[in-house]
Each structure stands twice: as structure tokens, then as C-alpha cells.
Amino acid sequence: MLQKDLLCLKDLAKEDIQALLDRGSEIRDLLDSGKKDFDTLKGKNITTLFYENSTRTMTSFSNAGKFLGATVSNLAVASSSVKKGESLIDTGETLDALKTDLIVIRHSVAGAPKFLAENVKAHVVNAGDGLHAHPSQALLDMLTMQRYFGKIEGLNVAIVGDIKHSRVARSNIYGLTTMGAKVKLFSPYTLRATGIEKMGNVEICDTLTDAIQDADVIMGLRIQLERQQQGLFPSLSEYFKYYGVKESDIKNLKKQPIIMHPGPVNRDVELSSGVIDGSNSHILDQVSNGLSIRMAILEAMLKEN
């Protein structure tokens, strides 16, 4: 990778994405064989800086660094000097002074990782910023598809749920269309994103049936429960009735798609429990692939040539 930072998949060429996916797949095979001790990044110093809650992303980045032999520090923002009024740049400069080689940041404000990257010497990886981007999530999603189908090009991917507020949807659209997949989107009108169809080979569907009828992959998105207070949909039960993916929606499809979700899943809201726990579900596989793709990302950015 030639860039100093990984902020958005829009910044990566198809060849860069493919190289990360291929290395991520190699690492997944090694992890599945029981290997956890890689010395690729021995002597490197990584800090995770999360201004929003996270389980999967922070833990997988932390484990990724440790498995690669790096020293990893997880900065607890709630108990750090940020709570005393320290600015993002001051925090970044402090981490630079502590010889940090790479910062993994999640922030509620879109553009915060880019702002940090422009003001620190350390490499910066965006682990989710506002409604903007979540590049490592899209990469692990694509790795899951590639390992199952053997390719991404030509796949039909249906993304269903809160498109408007989803950085996961945006990053997947960039990545999937760059790699030659077609994306269909379905959501309530109040959760649609204006202009998102201009991002690539994207189709906005008016019904769930239209979105999933020829899908190789159905990806649910988390309904952010705080949005319900804004009147964007009447109730969770009504959302599930009209927009949630159920066993009855997929059982008669011409081909059986794999089921994905970035997590955490609200059961019987975005997906029925039967779909989540069914034989086509790859949700836990995504978590495992998240570890291997994040190892590939850290290795690509920090490995000495």
C-alpha cells in the first residue's frame, strides 16, 4: 500500500483491494490452522483510539496487532485526558511523542480520522467515522464473499436496512462496485440516502422482493434504535413486519443467498432469528474474517520492505 493512511475505500485501487483480500485469506487459513504468533510487526507500536463504543472492531484490531507481534495500547477515551478537554490533535501529537507507529481511530464526527492523519506522523486507520466510512468492515465483508464464492466480480449483493445512517453501506458500495459487483439497496423511504445511487453500480429498490430476488448475498444493516425517537419508522415490530428479512422471504428464491450483517444484530428487527441462526448465515464468519483482514491491513501499512 502506497498511502500513509487508510481512511476510505474510495482511495484504494482495485489492485490494492484485491491484494488485501488475498493476504487476508492467507492469514485466515493460518489462523484456522492454529497459528497465532506472527512476528511481522515486532517492534511496532499501535494505539486504538475509540471515541465511540465498539466490541468487534476494537477487539479485532487489538488482537490483530498482538498476533502480528506489535505492542498494542487501547486508549480508554472515557478515562483519558480527552475528558479534561484535550483536543484530537493534542491527543494525536501526544501519541506521536510516545513513538506510536499507527493509530486506529473511531469517531462520531465524519472526517475526524482524516483531520488526525493530516496532523500526525503516525499512520492512521479509520475504524468508522460518523456516517462517512468504515473501510475495514467493507474489506472483511468482501473477504467473506470472496472466500465463499471464489470471486466478487459479478456478484449481486442486496443491502437492506438503515442505508441513510450507515457508513458500512457506503464503504461496501465503494468496495463492491470497484471489484465488479452489483449492489441493490432497500430501506424505508425515511431511511434512504439521497444520491447514493451515484456512487457506483447501485440500484434503489422499492420492495424487498425486488432487492433480493437474484441476490447472491443479503446484508442486513443495524437499525440504530436512537433513530426511532426521531419518527423515522413507527415501531420495531412494524419495521420487522415490512422491512425485516425472514425465512419466508428467502425460502422460495431461485438461489439461496448467504446472509451477512456487520453486527450487532437486533434479532427479529433487521433479520429473523431463523435467518440469523440458519445454515446460510455467515455473520460469525465475518467476525473471524475481520481479524484476518485487519491483520492484513496492519501488515501492509507497517511491514518493513
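Trainee: Which hand does the crossing of H5 and H6 have?
Mentor: The crossing is right-handed. That term applies when the near helix is turned clockwise from the far one by less than a right angle; anticlockwise makes it left-handed. Keep in mind that this is a predicted model: local features need pLDDT of at least 70, side-chain atom pairs count only at pLDDT 80 or more, and totals for chains, interfaces and linings use all residues. Residues are numbered from 1 along each chain as its sequence is written, and side-chain values use heavy atoms, with hydrogens and water left out.

Trainee: Where are H5 and H6, and at what angle do they cross?
Mentor: H5 covers residues 135-149 and H6 covers residues 167-178. Their axes come within 8 Å and cross at roughly 55°. Axes are lines fitted to C-alpha atoms, for helices over the stretch in contact, and angles run from 0 to 180 degrees between N-to-C directions. Helices (H or I, at least four residues) and strands (E, at least two) are DSSP runs, numbered from the N terminus.

Trainee: Oblique or parallel?
Mentor: H5 and H6 are oblique to each other. Under 35 degrees counts as roughly parallel, over 145 as roughly antiparallel, 65 to 115 as roughly perpendicular, and the rest as oblique.

Trainee: Which residues meet there?
Mentor: From H5, Pro-135, Gln-137, Ala-138, Asp-141, Met-142 and Met-145. They meet Val-168, Ser-171, Asn-172, Gly-175 and Leu-176 in H6. Contact means heavy atoms within 4.5 Å. By class, that contact has 6 nonpolar, 4 polar and 1 charged residues. Ala, Val, Leu, Ile, Met, Phe, Trp, Tyr, Cys and Pro count as nonpolar, Asp, Glu, Lys and Arg as charged, and the others, Gly among them, as polar.

Trainee: And how do H1 and H11 pack?
Mentor: At an angle of about 120°, with their axes 8 Å apart. That makes H1 oblique to H11. H1 passes H11 in a right-handed crossing. The contact of H1 with H11 has 10 nonpolar, 4 polar and 4 charged residues.

Trainee: New topic. How many salt bridges are there?
Mentor: The count comes to 15. A salt bridge is a side-chain nitrogen of Lys or Arg within 4 Å of a carboxyl oxygen of Asp or Glu. Arg-23, Glu-26 and Glu-299 are linked in a network of them.

Trainee: What does Asp-214 pair with?
Mentor: Lys-184, with the closest N and O atoms 3.3 Å apart. Asp-214 lies in the loop between helix H7 (208-212) and strand S8 (217-220), and Lys-184 in strand S6 (residues 182-186), so the pair ties together parts that are 30 residues apart in sequence.

Trainee: Is Lys-184 buried or exposed?
Mentor: Buried, at 7% relative accessibility. Asp-214 is partly exposed, with a relative accessible area of 24%. Buried means under 20% relative accessible area, exposed over 50%, partly exposed in between (1.4 Å probe, protein chains only).

Trainee: What about Asp-277?
Mentor: Asp-277 forms a salt bridge with Arg-267, the closest N and O atoms being 3.0 Å apart. The two are 10 residues apart. Asp-277 is exposed at 51%, and Arg-267 is partly exposed at 43%.

Trainee: Last one. Where does Lys-42 lie?
Mentor: In the loop between helix H1 (14-32) and strand S1 (45-50). Lys-42 counts as exposed, at 66% relative accessibility. Leaving aside neighbours within four places in sequence, Lys-42 is in contact with Leu-68 and Gly-69.
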